[in-house]
Amino acid sequence: MSDKRSAHPVSQEVNATSVTTVSRASELRFEPRANLKRKNAKLRHHLRPRTFPSFRSRHHHQTKWSEKHWKPFEAMLSATSISMRTGARRAVRQSASSSSSSSSSIITAAPNANRCLLGLYHNLSNARSLSSLRSSRPAAQHAVAGIVGQQRRGYVATINPNPPLGKKNASNNIPSRIGLIGARGYTGQALIDLLNKHSYMDLQYVSSRELTGQELQGYSKRKIIYKNLSPEDVARLDTDIDCWVMALPNGVCKPYIEAIDQAQKDTGHKSVVVDLSADYRFDKQWAYGLPELTKRSTICQSTKISNPGCYATASQLSVAPLLPFIDGTGFISIFGVSGYSGAGTKPSDKNNVKLLADNLIPYSLVNHIHEREISHHLGGAKVGFVPHVASWFRGIHLTINIPLNKAMDSRDIRQIYQDRYAGEKLVKVVGEAPMVKNICKLHGVEIGGFAVDGTGKRVVICATIDNLNKGASTQCLQNMNLALGYAEYEGISTM
């Protein structure tokens, strides 16, 4: 009767290369287990790295090559010994079967020592393969568990349908000429820092009414003097610029855009325009520049890109993966708190440090522009957004309450987010609720929490974002890279 263990791949190799097949079982010789143990010990001695002492040395307290380093070798050698014995037993059974059906007593010549040694190393290689298979078993079990879990849940998580465009997708290695309109604010300064470190961005013009005539600080590629560029000046300079960045307050950008459009009709030149205000976030003629959710190919092919707001960016990234599971009759509640840099440089109560000390100031309790923006770009989802300003300088925290149309658990929801943002280098999905102090000066978004109530039909998700980076300047550079043909994360420190 055949033994199931004979199907083991290493056993088959041993049977084929290391065991002498004979016609009579009584004449087959194979080494006892004790001999194999001694050979394994010698082999282990020769395999150990020469730069470390044996872990069995007398100076055990000085040993660097510890027991944990030997575990893979122990498993490997054990697998070799077991497989050799199993193969030998199989050979005995096969030989016994042959002897019963034949009266011949011909014995196959024994292999030479070199061939035995070759067989041993061949089996050792197979043992390593087995060890690798064992080490990969948890991943395979996780994958199977994921499939079973999806069947149990009744839905399948979507792997990122809009993956990032890395260096292999870059089509441009020539520096681009950049013009920045509105450089006085915090966002403008943050963008200047990024452009200064970028290999292909060449800042040539910087416009600020308040800083006209002063030298630009923090930019080392060339000496630049602030100018107060009018829409007519921008139209005249358009042929010398590859990308304009509009870092202006809401409602101020339109005359510049109209001037550029008219100039391009006359010259045929097509410069890219990225607008950081809210003026064109609802205009279908403009690409909405949230690369993780907007098709990246759309941004790549656009010359007019509207940069999303800081609150809107983090809110949409936190809600979008759950859109198929949101109860349409419910209400998505977003409680947001920002550092006072979000209020800009113009003096007001929202950036008054003394007033903010030991304080939290709510503002725009209804109809905030970001509330409309979040709802619009999430397909009309019902959203209630309440912003607050706090005493720290930069960074936003969001607490988001989402009603679900079916019972779900925290683990499944977190897996949906991990699958949806697979490969994204500026979105990090974490288990615990993220903290503002940990996101400060970083260039991405952290999403976590995933607390589900007793019914399974309400989840609370938390998110953090640096409002000056991914909430503004970093996202602007991300869009510039895509539109100008560079790698998406060029010049950006990823999460």
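Two strands are taken to pair if DSSP finds at least two bridges between them, and helices (H or I, at least four residues) and strands (E, at least two) are DSSP runs numbered from the N terminus. This is a predicted model, in which local features need pLDDT of at least 70 and side-chain atom pairs count only at pLDDT 80 or more, while totals for chains, interfaces and linings use all residues. Residues are numbered from 1 along each chain as its sequence is written, and side-chain values use heavy atoms, with hydrogens and water left out.

**The sheet**
- Strand β1 (residues 176–181) pairs with strand β3 (residues 243–246) in the parallel sense over four bridges, and Ile178 stands opposite Cys243 in β3.
- Both strands belong to an open sheet of six strands, ordered β2-β1-β3-β4-β6-β5 with parallel pairing, whose edge strands, β2 (201–207) and β5 (287–288), each pair on one side only.

**The chain as a whole**
- The secondary structure comes to 14 helices and 13 strands, and 46% of the 495 residues count as buried, where buried means under 20% relative accessible area, exposed over 50% and partly exposed in between (1.4 Å probe, protein chains only).
- Taking contact to mean heavy atoms within 4.5 Å, 73% of the contacts between residues at least 6 apart in sequence join residues at least 24 apart.
- The chain exposes about 25,400 Å², of which carbon and sulfur atoms supply 53%; accessible areas come from the Shrake-Rupley method with a 1.4 Å probe, and for residues only the protein chains shown count as cover.

**Cysteines and helix α9**
- With a disulfide defined as a pair of cysteine sulfur atoms within 2.5 Å, the count comes to zero.
- Cys310 counts as buried because its relative accessible area is 15%, and Cys462 counts as buried because its relative accessibility is 11%.
- Helix α9 (residues 310–319) is mostly covered, with ten of its ten residues buried, among them Cys310, Tyr311, Gln316 and Val319.

**The largest pocket**
- A pocket is found on a 1 Å grid over the protein atoms alone, as an open set of points where a 1.4 Å probe fits, with protein on both sides within 12 Å along at least five of seven lines, and its lining residues have an atom within 4 Å of a point.
- The largest pocket holds about 1,400 Å³ of space, and of the 49 residues that line this pocket, Ala247, Leu248, Pro249, Asn250 and Gly344 lie nearest its centre.
- Helices α5 (186–197), α9, α11 (369–377) and α14 (469–484) each supply at least two residues of this lining, and α5 gives the most, with three residues.

Note on methods. Grid points are joined across faces, edges and corners, and a volume is the space filled by probe spheres set on the points.
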